Amino acid sequence: MWRGGGGFKCPVCSKSVASNEMEVHFIMCLSKPRLSYNDDVLARDAGECVICLEELQQGDTIARLPCLCIYHKR
């Protein structure tokens, strides 16, 4: 953890937080859902699924991670 100016850099979200708020912030960061995604249906073939490595084809239901990677939503 980076410390400077009486604070630290959260290893979960990378925000700078005051030392007196460190414990509460860290608990809140760890209790948030880790992955969010958006459901979608592919309009065209789109390479391969990052999870199963099978080809993603038009009409497949997919989910998109925050990094924009897509995978089969089953």
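Reader: What pattern does the chain follow when read along the sequence?

Author: The chain follows the pattern β-β-β-α-β-β-β, where helices (H or I, at least four residues) and strands (E, at least two) are DSSP runs numbered from the N terminus. This is a predicted model, in which local features need pLDDT of at least 70 and side-chain atom pairs count only at pLDDT 80 or more, while totals for chains, interfaces and linings use all residues. Residues are numbered from 1 along each chain as its sequence is written, and side-chain values use heavy atoms, with hydrogens and water left out.

Reader: Why is H72 called buried?

Author: Buried means under 20% relative accessible area, exposed over 50%, and partly exposed in between (1.4 Å probe, protein chains only); H72 has a relative accessible area of 13% and is therefore buried. H72 lies in strand β6, residues 70-72.

Reader: What makes the pairing of H72 and D60 a polar contact?

Author: A polar contact is a pair of N or O atoms within 3.5 Å; within protein, one must be able to donate a hydrogen and the other to accept it, and residues adjacent in sequence count only if both atoms are side-chain atoms. The side chains of H72 and D60 are joined at 3.4 Å, so the pair counts as a polar contact.
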